[in-house]
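Student: I'd like to learn how to read a protein model, feature by feature. Could we go through one together?

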Amino acid sequence: MSEPEAVAPTGSGVRVSTLELFFDLVFVFTITQLTETLAEHVTLATLGDVLLMLFVIWWMYSGYAWLTNAVAPTSTTRRTLLLAGMAGFLVMALAVPEAFGAYGWLFGVSYLVVNLVHSALFLQAGPGARTAMRQLAPLNILAALLVLAGGLLPEPYRHLCWVAAPLVQIAAGYLHRIEMHSILAGHFVERHGLVMIVAIGESIVAIGLGFRGVRLDGAAILVAVLGLCVAYYLWWIYFAGDDERSEHVLAGTADPRRRARLALDGWGYAHYVMLLGVVVLAVGIKKTVGHAFEPLHWGEAVALGGGVALYQLGHAGFLRRLGLAGWPHRVVAAAAVLATIPLGHVRAVAQLAAIPVIMAAAAIIEDLPRVRRDGSTAISSFGRTPGS
């Protein structure tokens, strides 16, 4: 058995295929379904269910990102198996609203299919990845069987199985030889960046669907524009240069175990928090549609501010884990956004307007040290110059 390479290739010549992007579009439908589920019942119980569903779904999406990083979908057999995995994600998404009810069994069966296809495809990877998967695949399938059992059993065993599944997956990240995965940094970072921009875009679509049957007066248009501004700053946080710097960090990490651990912690766990933030934020904005000048219920105001704060904290954790600058700004901005929650309880539009103002101010403040250092770079009206 060959040893892992000393230095990971950057993967700059390996691009994400259109089939992988197609896969991402199917995956993001699960994000839409989770948003709709939480919007229907903005309660702690529903949020807990969404946390569990998003974790197990994201774990396997991330697994497929690692998969195509090692096994390109270049043959008919691989593409057909990837299509089977996509079908599993699609059926899972359809079952999301009743995953803890009548269609729990359907969610569980689909999730098991997703896991089995993932394991089968990884058998075509290099010897190192195959060795890692011989340890990881049984744990992934055990988690899938727990999800399936949760779909078949009554309470309280249903939720016990659902809680056990992500615990098994977290343990799996430590129990298998993670250093045996060879990561192409360029492809890996691009793949996760694409799913994030698609998820942010899908949140706009989900908000737009909330306008069905709503009279398009000045208040409704104001909510739409402010929602777009918030989504823009979600893009700015992720794509205004930190994505490129993170790729350099991943590519330049020589130790295979540390490189793989950075990939799991940064692009796995931290991205989970960011995606959760997108889901919760979309719910909060949907609740302002048609009620811009009315007070939000506390849960809805918390969703509006908490979604943005979760996204910022997730990105702060991402930057800190990779040793990149800027994470304290994210934490401070998250705290400031949470402080807008009482505004939402007075007027929905007041909170929705305050959030992009805070995010714009944070962007400008974050730019100031760089501008003073460079001397020649002007601050754009929207924050940091992309790629700086």
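Student: Which residues does glutamine 135 touch, not counting residues up to four places away in sequence?

Tutor: Leaving out those neighbours in sequence, glutamine 135 touches Leu175, His176 and Arg177. Keep in mind that this is a predicted model.

Student: And where does glutamine 135 lie?

Tutor: Look in helix α5, residues 127-152. Glutamine 135 is partly exposed there, as its relative accessible area is 32%, and the cut-off for buried is under 20%.

Student: Is serine 119 buried or exposed?

Tutor: Serine 119 is buried, because its relative accessible area is 12% and anything under 20% counts as buried. You'll find serine 119 in helix α4, residues 104-122. Skipping residues up to four places away in sequence, serine 119 touches Met133, Ala137 and Ile141.

Student: What about threonine 37: buried or exposed?

Tutor: Buried, with a relative accessible area of 15%. Threonine 37 belongs to helix α1, residues 18-40. With residues up to four places away in sequence left out, threonine 37 touches Thr46, Val96 and Pro97.

Student: How do I read a whole helix, say α2?

Tutor: Start with the general idea: an α-helix has 3.6 residues a turn, so residues three or four places apart point the same way. Now the case here. Helix α2 runs over residues 44-70, which is 27 residues, and spans 39 Å from its first C-alpha to its last, close to the 39 Å expected at 1.5 Å a residue. Since 21 of those 27 residues are buried, α2 is largely enclosed by the rest of the structure.

Student: At what angle do α2 and α3 cross?

Tutor: Roughly 165 degrees, and the axes of α2 and helix α3 (residues 76-95) come within 12 Å. That makes α2 roughly antiparallel to α3, because angles over 145 degrees count that way. The crossing of α2 past α3 is left-handed.

Student: Which residues make that contact?

Tutor: From α2 come Ile57, Met60, Tyr61 and Tyr64, and from α3 come Leu82, Gly85, Phe89 and Met92. Sorted by class, the contact of α2 with α3 has 7 nonpolar residues, 1 polar and no charged ones.

Student: How are α1 and α7 packed?

Tutor: The axes of α1 and helix α7 (residues 185-209) are 9 Å apart, at an angle of about 40 degrees. That is why α1 and α7 are called oblique to each other. Their crossing is right-handed. The contact includes Phe23, Phe27 and Val28 of α1, and Leu194, Val195 and Val198 of α7. By class, the contact of α1 with α7 has 10 nonpolar, 3 polar and 5 charged residues.

Student: One more thing: which residues are joined by a cis peptide bond?

Tutor: First the general idea: most peptide bonds are trans. In this model, a cis peptide bond joins glutamate 155 and proline 156, with omega at about 5 degrees.

Student: Where is proline 156 placed?

Tutor: Proline 156 is in the loop between α5 and α6, and α6 covers 157-175. Helix α5 is where we began, with glutamine 135.

Key: Residues numbered from 1 in each chain as written. Predicted model: local features only at pLDDT ≥ 70, side-chain atom pairs only at ≥ 80, totals over all residues. Heavy atoms only, no water. Helix = DSSP H or I, 4+ residues; strand = E, 2+ residues; numbered from the N terminus. Expected span 1.5 Å × (residues − 1). Buried < 20%, exposed > 50% of the residue type's maximum accessible area, 1.4 Å probe, protein only. Contact = heavy atoms within 4.5 Å. Axes fitted to C-alpha atoms, helices over the stretch in contact; angles between N-to-C directions. Parallel < 35°, antiparallel > 145°, perpendicular 65-115°, else oblique. Left-handed = near helix turned anticlockwise from the far one by under 90°. Nonpolar A, V, L, I, M, F, W, Y, C, P; charged D, E, K, R; others polar.
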